[in-house]
Amino acid sequence: MKKALQILISGICMMVMHACDSGFDEMNINPIALTAVNPAYQLNTTIVNSAPVYGNLSYETTIVKQMITPFSGQGSAANFNQDNRGVTSGNWNTYYRTIIKELADVVAKTKDDASRSNLYHMARIWKAYAFMVLSDTYGNIPYAEAGSGFLTGNTTPAYDSQEAIYNDILAELDAASNALDVSKTAVSSDVLYGGDVLKWKKLGNSLLLRAAMRLSKINPTKAAEYVAKAVIGGVMQSNQDNAVIRHTASFTNPVGSSLNGGQSAFYYLDDEFVTYLATNNDPRLASIAVRYVGAQSGADQVEAKANRSVAVQIGMPQGYDNTTISADVAAKKLASLWDYSQLDRTRMAGLTAPSFLVTYAQTQLLLAEAVVRKWATGDAAALYSEGVKAHMQQFAMYGAGTAIGDAAIASYVTAHPLHAGKELEEINTQYWVASFLIGPEAFANFRRSGFPVLKPNPYPGSDLKTEPFIRRLTYTDAELNVNHDNVQKAIVVQGPDLLDTRVWWDKK
């Protein structure tokens with residue numbers, strides 16, 4: 001009797017459990033949750049996350065002497081030629097965690113889907129762009145196995161040499177640009193060009209030109225080969241082709257968000273940048289700068305003290321901290337360190353100011369250099385002038401208060417032609433200006449070309465061992481711990497994990 005009761009109870013329990021389990025999985029699925037992500041939206045995510053961020057002000061923009069902060073602590077970086085790995089990790093974390101990961105997934109999803117061939121090739125182009133930023137910043141990096149953690153479970157990817165990376169980037173950009181097809185399905189949700197396949201082709205070929213020119217010191221023959229491919233394929237033809245992220249109140253400019261927030265009083269325009277623009281009567285200075293004349297503190301930097309006149313702008317020199325800068329403050333008869341010129345956070349550094357990544361102006365200047373090097377045909381002087389003019393016209397995209405008038409542009413271009421014997425210096429100095437706020441590109445082209453000619457940061461206590469300027473940023477502490485063996489193999493090939501170790505294409 002007892003055994004029969006046990007069987008009966010057991011049976012009832014099993015029936016109850018079955019009844020409770022029946023439909024349990026379905027009941028616990030959120031009916032409005034996403035079960036799959038549209039790869040077109042993933043590509044958009046990678047594009048908008050490519051906007052230069054605040055960290056670029058601490059290293060890249062400071063290394064090339066466009067911006068500077070005298071403050072130490074968490075702000076210690078290129079302003080003191082110091083290796084602050086909490087900041088050098090910025091590009092690494094942004095690109096690997098939120099860009100490469102998504103792009104690897106998009107490529108995997110669309111590679112064999114004929115209906116999404118254009119999306120596949122667009123993702124290849126943006127992936128090449130992203131890896132250029134990463135490799136230009138750090139040198140040897142995970143490439144072939146990168147972004148495969150979710151796809152293959154590989155969380156310790158091997159590092160590839162920069163030479164191998166660039167060989168593949170060139171091949172990818174060439175193939176993907178050529179494969180884009182206007183007769184196939186357009187990606188109408190594309191945040192960059194609204195699905196315009198021809199604009200993506202021009203972007204791909206303009207990036208191909210940029211990547212080819214990176215090899216000018218290390219492999220001129222290959223550089224010339226791919227410059228020719230880019231020109232034949234068709235590069236950007238106007239500012240309408242610019243790769244630009246248009247920010248909104250919902251997705252603000254990352255640099256603008258910082259400079260309109262807690263970092264508003266920390267960053268200033270570098271003395272050499274301001275001096276170059278002022279000495280050459282460059283109308284861009286009036287669109288870039290503001291000085292809060294007489295400001296005694298950050299809180300004193302108010303609109304009532306704002307002066308945007310070129311005549312009053314004074315850049316902050318490098319080589320000082322917030323204490324020792326007092327000597328220069330006194331010499332220039334300023335009220336305080338808060339009295340130097342800044343990037344105007346109400347205009348170019350506004351919350352909804354656009355972020356430029358690849359531009360027609362840069363492309364024209366690179367073509368001018370290619371002609372000088374006899375890697376392309378054309379009129380180098382005309383290309384140079386067009387590049388300068390295009391960058392000045394680009395300022396209108398920041399708003400009416402930043403736009404430069406046609407007469408001012410024409411006057412400057414006429415007064416600053418390309419001079420025989422000085423072509424490489426003049427072209428790449430203008431590239432420096434045209435890449436203002438595009439930190440990774442300004443830093444890369446400065447190392448590649450050697451221009452503009454700048455004075456090294458004289459701050460005492462530099463971490464640099466053998467170079468007057470920082471040549472790369474260092475690997476992250478997390479990578480050194482988690483992927484230690486592969487990092488050490490990369491260091492053996494590339495050289496010490498230091499700020500003054502040159503990347504492969506940065507040949508002396």
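This is a predicted model: local features need pLDDT of at least 70, side-chain atom pairs count only at pLDDT 80 or more; totals for chains, interfaces and linings use all residues.
Residues are numbered from 1 along each chain as its sequence is written, and side-chain values use heavy atoms, with hydrogens and water left out.

Start with helix H20, residues 423-434. Helices (H or I, at least four residues) and strands (E, at least two) are DSSP runs, numbered from the N terminus. H20 has twelve residues. From first C-alpha to last it reaches 16 Å, close to the 16 Å expected at 1.5 Å a residue. The expected span of a helix is 1.5 Å times one less than its number of residues. Nine of the twelve residues of H20 are buried, so this helix is largely enclosed by the rest of the structure. Buried means under 20% relative accessible area, exposed means over 50%, and partly exposed lies in between (1.4 Å probe, protein chains only). Among the buried residues of H20 are Glu 426, Tyr 431 and Trp 432.

Helix H17 covers residues 360-372. This helix has 13 residues and reaches 18 Å from its first C-alpha to its last, close to the 18 Å expected at 1.5 Å a residue. H17 is mostly covered, with twelve of its 13 residues buried. Its buried residues include Tyr 360, Gln 364, Glu 369 and Val 371.

Now look at how helices pack. Axes are lines fitted to C-alpha atoms, for helices over the stretch in contact, and angles run from 0 to 180 degrees between N-to-C directions. Angles under 35 degrees count as roughly parallel, over 145 as roughly antiparallel, 65 to 115 as roughly perpendicular and the rest as oblique. The axes of H18 (residues 380-394) and H20 come within 10 Å and cross at roughly 15°. H18 and H20 are therefore roughly parallel to each other. H18 passes H20 in a left-handed crossing. A crossing is left-handed if the near helix is turned anticlockwise from the far one by less than a right angle, and right-handed if clockwise.

Two further pairs can be followed in the model. The axes of H10 (residues 162-179) and H12 (residues 220-233) come within 11 Å and cross at roughly 15°. That makes H10 roughly parallel to H12. Their crossing is left-handed. H8 (residues 117-138) and H11 (residues 197-213) pack at an angle of about 30°, with their axes 11 Å apart. H8 and H11 are therefore roughly parallel to each other. H8 passes H11 in a left-handed crossing.

Next come the rings. A search of the whole structure finds 19 aromatic pairs. Rings of Phe, Tyr and Trp (its six-membered ring) pair if their centres lie within 6.5 Å; planes under 30 degrees apart count as stacked, over 60 as edge-to-face and the rest as tilted. What do the rings of Tyr 54 and Tyr 267 form? Their centres are 5.6 Å apart and their planes stand at 85°, so the pair is edge-to-face. Tyr 54 lies in the loop between H3 (39-48) and H4 (55-58), and Tyr 267 in the loop between H13 (254-259) and strand E5 (268-269), so the pair ties together parts that are 213 residues apart in sequence. Tyr 54 is partly exposed, at 25% relative accessible area. Tyr 267 is buried, at 3%. One aromatic cluster is formed by Trp 92, Tyr 96, Phe 131, Tyr 138, Tyr 143, Tyr 159 and Tyr 475.

Charges meet rings too. Lys 229 lies over the face of Tyr 226, at 5.5 Å from the ring centre. The charged end of Arg 284 sits over the ring of Tyr 412, 5.7 Å from its centre. A charge sits over a ring if NZ of Lys or CZ of Arg is within 6 Å of the ring centre and within 35 degrees of the ring normal.

Last, the backbone. Most residues other than glycine have a negative phi, and most peptide bonds are trans. Phe 451 and Pro 452 are joined by a cis peptide bond, with omega about 5°. Pro 452 is in the loop between H21 (439-449) and H22 (477-482). Lys 65 is not a glycine, yet has a positive phi of about 60°. Lys 65 is buried, at 5% relative accessibility.
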